[in-house]
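Good morning. Please have the structure open while I talk.

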Amino acid sequence: MTDYDDGFGSSDDYAEGRRGGWSVEPTVGELQLDERSALRRVAGLSTELTDITEVEYRQLRLERVVLVGVWTEGSAAQAEASMAELAALAETAGSQVLDALIQRRDKPDPATYIGSGKADELRAVVLDTGADTVICDGELTPAQLTALEKVVKVKVIDRTALILDIFAQHATSREGKAQVSLAQMEYMLPRLRGWGESMSRQAGGRAGSNGGVGLRGPGETKIETDRRRIRERMAKLRREIREMKTARDTKRSRRSSSGIPAIAIVGYTNAGKSSLMNALTGAGILVQDALFATLDPTTRRAALDDGREVVFTDTVGFVRHLPTQLVEAFRSTLEEVTGADLLLHVVDGSDALPEQQIKAVREVITEVLREQGEGSGPPELLVVNKIDALDATQLAHLRAQLPGAVFVSARTGRGIDRLRERLAEILGGLDVEVSVLLPYTRGDLLARIHSDGRIISSSHEEGGTRVRARVPRALAPTLSQYAHASTVGSADAAGPSH
C-alpha cells in the first residue's frame, strides 16, 4: 500500500502552531483522527470484540496474523494485489502481519479452503511465527472455518469478518453503528458455535433439575436460544434503520426540492475521496491513510467558479468482493449515490491496478441500482487522484488508458481548478431551458433562478417578469406552472462518460 499524506496537517501541526503563538482550531476530522489513534490495538493485550452473548467464543483477536489466499483466476499480479490489499485491511484492523501464503487452485477446497497439505504447511508457519490468528482471503463456510481451525490450532477468520471488524471500529454515527451491528449479526448467525457441548445443553428436563416447574420438557438448546436472541436483535435493528432511513430521505428530498445539484463522491476505499471533498469544499472531515476511514456520509454545500451552488456528499468506499451483508446493511447510505445528479468517481492513480478498482466500484453501483429497480444511474466523471505519487511515464500511461478522466492531487491541489471547470461544464449540460412569466409576488422564484441558473433574457410586463433562463433540472417542475412557450430539454453539450 502506497503511503499517502492527506496534506491537511495533523494534530501535531496544530499543537506546534499554538506553541508558536498562533491559534488554529482543529477540525472535526482531526479530532476524530486523534480519537481513533488513541484506540489503536496493542499487540499482546486482549482486544476482543464484545459479542452477542457470553457463550460465543469466536470473538476476534487480531494481533499477530498470517495471511492465506487461494489464486483461482486472473494474473499473478492480480493475486499479489489481492494479498497486499488483505494485508492493508489487517493492518487497518490493528494487526501485525507476519507472513502470507498463496495457493494456486482451480477452486477453493470445500473442506479446508486450501487443502489438507497446504493446511499442514500453514500450521508449520503459524508455529514458526508465533501467530495467533489466520486470515483467509475469501469468505469461508462455517464448515471450512471449523475444519481449518482444527488443523492450525489457532483462530481462523475470513475476509468478510475482517472487514466487519474494521467497520465496527470506524462507525461513529448512530445509523452507522446500527448498520454495522446488523451486518455482523447476519454474518455470525450461521457461524454461531462454542467449544465442546456448551451449545447443546438443553433448558428442559425432569422436575428438580434445570429449574424444575416451568422449565420441564425438551426445551431448546443453548445455541437455539442464542440464535433466537440474535434474530430478535436483528429485527429491532432493521426497524431502527428504517426509521433513520425516513429521516435521511426527508433531508434528501429537501435538498432535491431546493434545485441544487447533488454530487456524490464515490470510489474505492482509500482512493482519497475525503481528501478531495476537503479540497473542493474545505469541509475538514476525517482523512486517514487507512481502508474504510469514512463510513458515515458527509454532505457539504459549495460554490463552483461560475457561482453555481452544488452539494457534495462523501460516501463509504468500496472494495473488491464487498460482503453482501454490508451492501444490504448500508443500503440507505448507498441511496445517496443513486439519488445524485452526478457521480464523482475517484480512482487511486498510484494503485498497481486502477482498472480493477474502477470495475469493483461500478459492479456495486450496478447491483444497488438493479435492486432498486433503477435503469441507468447518474452520469459519472472519473477523477484520478494522487498524481503527485506518479512519474511522467505512469501519468502518460493513465491518461491514454482513461481519456475522459480529470487528473488531480487532492494533497497538493494540482488539477483542482480544472476539476471545478469540468464540473461546471457537466452541470451546465444537465440544465434545462425554460421560459416563464413570474408574478411579481414570486420574487423568491426569481431569486432562485438568479442563484441556481443562468438568465438568458428578462423583461418586465404588466403580468409579471418574463424570464428565459437555463435552470437545474430539479427546479424546472417548480417553474412549470408559470411556463410560457417553454422549451424544456437537455443541452447538446457532451456530458460525462457513463
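**A pocket between domains**

The lining of the second largest pocket draws at least three residues from each of domain 1 (64-170) and domain 3 (260-414); the domain bounds come from an automatic or database domain assignment. Before I go on, this is a predicted model, in which local features need pLDDT of at least 70 and side-chain atom pairs count only at pLDDT 80 or more, while totals for chains, interfaces and linings use all residues. Residues are numbered from 1 along each chain as its sequence is written, and side-chain values use heavy atoms, with hydrogens and water left out.

Back to the pocket. A pocket here is an open set of points on a 1 Å grid over the protein atoms alone, where a 1.4 Å probe fits and protein lies on both sides within 12 Å along at least five of seven lines; lining residues have an atom within 4 Å of a point. The second largest pocket has a volume of about 960 Å³, counted as the space filled by probe spheres set on the points, with grid points joined across faces, edges and corners.

Which residues lie nearest the centre of this pocket? They are E73, S82, R159, R320 and H321, out of 34 lining residues. Two or more residues of the lining come from each of β1 (64-71), α3 (76-92), α6 (159-170), α10 (324-329) and α12 (354-371). The largest share, six residues, is given by α12. Helices and strands in this talk are DSSP runs numbered from the N terminus, helices being H or I with at least four residues and strands E with at least two.

By type, the lining has 16 nonpolar, 10 polar and eight charged residues. Nonpolar covers Ala, Val, Leu, Ile, Met, Phe, Trp, Tyr, Cys and Pro, charged covers Asp, Glu, Lys and Arg, and the others, Gly among them, are polar.

**The six-stranded sheet**

Next, the sheet. It is open, has six strands in the order β6-β7-β5-β8-β9-β10, and its pairing is mixed. Two strands count as paired if DSSP finds at least two bridges between them. The edge strands are β6 (298-303) and β10 (406-407), each pairing on one side only.

Starting from the β6 end, β6 and β7 pair antiparallel over six bridges, with R300 opposite F312 in β7. These two strands form a hairpin with five residues between them, and G307 in the turn has a positive phi of about 90°. On to β5 (residues 262-267), which runs parallel to β7 and is joined to it by four bridges; A264 stands opposite T313 in β7.

Is β7 enclosed or open to the outside? Five of the six residues of β7 (residues 309-314) are buried, so the strand is largely enclosed by the rest of the structure. Buried means under 20% relative accessible area, exposed over 50%, and partly exposed in between, with a 1.4 Å probe and protein chains only.

Further along, β8 (residues 342-348) and β9 (residues 380-385) run parallel, joined by six bridges. L343 stands opposite E380 in β9, and H345 has L382 of β9 as its bridge partner. The pairing of β9 with β10 is also in the parallel sense, over two bridges, and V384 faces F407 in β10.

Six of the six residues of β9 are buried, so β9 is largely enclosed by the rest of the structure. E380, L382 and V384 point one way, whereas L381, V383 and N385 point the other way.

D391 counts as partly exposed because its relative accessibility is 41%. Its C-alpha atom is separated by 9.8 Å from that of S350, 41 residues apart along the chain.

**A separate strand pair**

Strands β12 (residues 454-461) and β13 (residues 464-471) run antiparallel and are joined by seven bridges. The hairpin between β12 and β13 passes through two residues, and I455 stands opposite A469 in β13.

**Two helices**

Last, the helices. The expected span of a helix is 1.5 Å times one less than its number of residues. For α6, with 12 residues, that should be 16 Å, and the end C-alpha atoms are 17 Å apart, which agrees. In α6, 10 of the 12 residues are buried, among them R159, D165 and H170.

For α7 (residues 174-188), 15 residues should span 21 Å, and the end C-alpha atoms are 21 Å apart, which agrees. Mostly covered as well, α7 has 11 of its 15 residues buried, including E175, Q179 and E186.
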